[in-house]
Amino acid sequence: MSHTVITTTTTTRTSDGGFLNVGYIRTTGGILKISQMVALLVAFLCVHCARAWPDWPAFRYFEVVTLWFLFAFLIFFLMHMFRLQAKITCINWPLTEFLHYAVGSILVLIASIVGSVKSGGISVLVAGSVFGFIATFLMAVSLWTSYKVSCGSQQTGASV
């Protein structure tokens with residue numbers, strides 16, 4: 001009896017292995033982080049450049065939340081771009097990003113709801129709130145994909 005064994009080897013190369021991981025920009029996570037940062041920046045600028053705020057504490061909270069998570073996601077983006085998460089192994093990076101997405105989604109959603117209710121019909125404040133809702137949606141998508149990666153089905157090592 002003769003047996004035929006066919007072995008197929010597939011090699012994929014996402015980047016050049018250098019210092020900068022430019023291939024990350026084309027991944028789903030990279031596109032989501034860039035979109036989140038743009039939405040948060042536009043939301044912050046809309047509220048910050050408004051001439052008069054009908055409710056000062058509500059929009060100050062909106063500014064603080066959007067700016068904080070803009071910087072947090074910028075740090076995560078740069079960490080992926082420079083591959084620092086592989087060099088700093090004492091932190092569980094998927095769990096850290098998952099918690100930032102969870103907290104960010106909730107806080108930006110609250111800020112957007114309060115901002116839209118307290119906008120007083122001022123169009124630039126309404127636009128800032130809309131971009132806050134867009135950022136919330138993008139963070140929820142990142143939260144979902146991050147959950148699937150960090151908490152999804154894992155192989156146990158037993159062969160099937």
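The model is predicted: local features need pLDDT of at least 70, side-chain atom pairs count only at pLDDT 80 or more, and totals for chains, interfaces and linings use all residues. Residues are numbered from 1 along each chain as its sequence is written, and side-chain values use heavy atoms, with hydrogens and water left out.

**Stop 1: helix α2**

Select residues 56-81. Helices here are DSSP runs (H or I, at least four residues), numbered from the N terminus. α2 has 26 residues and spans 37 Å from first C-alpha to last, close to the expected 38 Å (1.5 Å times one less than the number of residues).

**Stop 2: T66**

Stay in α2 and pick T66. T66 counts as buried because its relative accessibility is 1% (buried is under 20% relative accessible area, exposed over 50%, partly exposed in between; 1.4 Å probe, protein chains only). Show distances from its side chain. A polar atom there lies 2.9 Å from the backbone oxygen of F62. The side chain also reaches the backbone oxygen of E63, at 3.1 Å. Now look beyond four places in sequence: T66 is in contact (heavy atoms within 4.5 Å) with L40, A43 and F44.

**Stop 3: helix α4**

Move to residues 93-117, helix α4. Select L109 in this helix. L109 is partly exposed, at 34% relative accessible area.

Note on methods: Helix = DSSP H or I, 4+ residues; strand = E, 2+ residues; numbered from the N terminus. Polar contact = N/O pair within 3.5 Å; in protein donor to acceptor, adjacent residues only side chain to side chain.
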